[in-house]
Amino acid sequence: MNDHACNILSPPSRKTDGSISIYDADPFVLLKTVKIHRKSINSMSVHPSGKLALTVGHDQCLALVNLVRGRRSFYCKLGKEASHVHFIESGEKFSMVVDDKVSIHESEDAKLIVELDNTKKVLCAASGANGMLFTGGEDRNITAWETASGKSAYTIGNAHAARVKGIVVLSKSSADSGAEDPDLVASASSDGVIRVWDVRMAVEGKPLSEVHTKSRLTCLAGSSIRSLKRPRIEALNTNGNLDTTVES
């Protein structure tokens, strides 16, 4: 396989055969389908380099996938079924969720660094800047963890009225992102509510905004990349009347 930009698609609800499909994003062409697990895939995380991916499955196994060569390069039995796996920030560490436990590992050899204890089952997790990890679940809270020490930095209590099913860190995680970029985190709950939080004001427990989707949400995805569309301005003709719309 070549080094073209690829989009990895592996919806756990559909990939019950334990495989992932690798697509070339431009044009949208299927490059290869790789068999990874014996049973369905629960979660997948792509390394920031775009060359590797971690997966956990219903077969209670963890796998490392080489996306450049399109093959599985590592596979091990966990003993318990993990529901989520996620590379943290630069990719030097990754997190794995098993019920109410979140374990932090070294990416190089999967060595356990620290384990985070939650009071109830964790249903989602997302990494932020400076090695921070955000978790949510059946306790209806959003908790920010310091992955180096394993201690809780702060908690947004009662962030939702129902179980938290998805968390997305919308701010850039790089150190050069600039002070103008707010520390935004979005969360979704099973009752259909999506909320956006400024974590600098987390102790107040008030979201910046929220929307009721009137749907039963099961996950949440998002990006901090700004729209590539140029802002449109309305131009006036010589008579002072609204005439055309042009790109700025």
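**Exercises: a sheet and its rings**

In this predicted model, four strands make an open sheet in the order β12-β13-β14-β15, with antiparallel pairing.

**Exercise 1.** Work out which strands are the edge strands of this sheet.

*Solution.* Look for strands that pair on one side only: these are β12 (122-127) and β15. Going from one strand to the next, the twist averages 25°. Now step inside the sheet: β13 and strand β14 (residues 142-146) run antiparallel and are joined by five bridges. Pick Leu133, and its bridge partner in β14 turns out to be Trp145.

**Exercise 2.** Find the aromatic pairs and classify each by its geometry.

*Solution.* The count comes to two aromatic pairs. Start with Tyr23 and Phe28: the centres are 4.7 Å apart with 10° between the planes, and under 30 degrees counts as stacked. Tyr23 is buried at 18% relative accessibility, while Phe28 is exposed at 52%. Next come Phe134 and Tyr154: with ring centres 6.5 Å apart and planes at 65°, this pair is edge-to-face, because the cut-off for that class is over 60 degrees. Phe134 sits in strand β13 (residues 132-137) and Tyr154 in strand β15 (residues 151-156), so the pair ties together parts 20 residues apart in sequence. Check the accessibility too: Phe134 is buried at 5%, whereas Tyr154 is partly exposed at 23%.

**Exercise 3.** Which ring does the charged end of Arg72 sit over?

*Solution.* Follow the Arg72 side chain to its charged end, and you'll land over the ring of Tyr75, 4.0 Å from the ring centre.

How values were computed
Residues numbered from 1 in each chain as written. Predicted model: local features only at pLDDT ≥ 70, side-chain atom pairs only at ≥ 80, totals over all residues. Heavy atoms only, no water. Phe/Tyr/Trp six-rings, centres within 6.5 Å; stacked < 30°, edge-to-face > 60°. Buried < 20%, exposed > 50% of the residue type's maximum accessible area, 1.4 Å probe, protein only. Helix = DSSP H or I, 4+ residues; strand = E, 2+ residues; numbered from the N terminus. Lys NZ or Arg CZ within 6 Å of the ring centre and 35° of its normal. Pairing = 2+ DSSP bridges. Axes fitted to C-alpha atoms, helices over the stretch in contact; angles between N-to-C directions.
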